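Biologist: I am new to this one. Please show me the model, and then I will ask about it piece by piece.

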Amino acid sequence: MIRISIILAAAISFLAVPAIAQAPSHTSDTAPQVKLSLQQNAAVRCSAAFALGAGLQKVGKGKDWPPLAERGREFFVRASAQLMDETGMSRDAVGNLVQRKASELAEGDKLDRTMPACLLMLDSSGL
């Protein structure tokens with residue numbers, strides 16, 4: 001099994017995407033906890049799944065999935081920007097949320113169980 005720190009590095013690399021850096025930051029990181037909708041939660045979960053999946057593919061794992069680096073990153077960027085617009089969360093707050101979800105998905109077979117639904121979401125996004 002790939003060490004969690006390696007696959008979390010992939011999630012962190014998604015956070016450094018220039019398009020996210022250009023998105024407006026509405027609130028500070030100390031903003032109160034925002035209750036996310038089902039769709040927003042799914043977008044966060046799938047953003048984390050794609051980051052982890054791309055990291056696994058980078059080291060030769062996750063070959064059962066389509067390539068995730070480009071499409072997964074674009075999904076992440078759009079989902080993060082939409083989440084910031086809809087909730088007023090800052091870029092850092094969204095990044096922390098995705099990192100927490102990535103940590104959860106890195107345990108056991110959670111990523112493998114989550115990926116099929118996320119791939120459907122990716123396909124339906126048109127990316």
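Biologist: Which residue does the disulfide join to Cys46?
Modeller: This is a predicted model, where local features need pLDDT of at least 70, side-chain atom pairs count only at pLDDT 80 or more, and totals for chains, interfaces and linings use all residues. Residues are numbered from 1 along each chain as its sequence is written, and side-chain values use heavy atoms, with hydrogens and water left out. A disulfide is a pair of cysteine sulfur atoms within 2.5 Å. Here the S to S distance is 2.1 Å, and the partner of Cys46 is Cys118.

Biologist: How many residues apart in sequence are the parts that this pair ties together?
Modeller: Helices (H or I, at least four residues) and strands (E, at least two) are DSSP runs, numbered from the N terminus. Cys46 lies in helix α3, residues 38–58, and Cys118 in helix α6, residues 110–124.

Biologist: Is Cys46 buried or exposed?
Modeller: Buried means under 20% relative accessible area, exposed over 50%, partly exposed in between, with a 1.4 Å probe and protein chains only. Cys118, at 1%, counts as buried. Cys46 has a relative accessible area of 2%, so Cys46 is buried.

Biologist: What kind of aromatic pair do Phe50 and Phe75 form?
Modeller: A search of the whole structure finds 1 aromatic pair. Rings of Phe, Tyr and Trp (its six-membered ring) pair if their centres lie within 6.5 Å; planes under 30 degrees apart count as stacked, over 60 as edge-to-face and the rest as tilted. Phe50 and Phe75 lie 5.2 Å centre to centre, with 90° between the planes: edge-to-face.

Biologist: Which helix holds Phe75?
Modeller: The pair links distant parts of the chain, 25 residues apart. Phe50 is in helix α3, and Phe75 is in helix α4 (residues 69–87).

Biologist: Why is α4 called oblique to α5?
Modeller: Axes are lines fitted to C-alpha atoms, for helices over the stretch in contact, and angles run from 0 to 180 degrees between N-to-C directions. The axes of α4 and helix α5 (residues 91–105) come within 10 Å and cross at roughly 125°. Under 35 degrees is roughly parallel, over 145 roughly antiparallel, 65 to 115 roughly perpendicular and the rest oblique. So α4 against α5 counts as oblique.

Biologist: Which residues of α5 meet α4?
Modeller: Contact means heavy atoms within 4.5 Å. From α4 come Phe76, Ser80, Leu83 and Met84. In α5 they meet Arg91, Val94, Leu97 and Val98.
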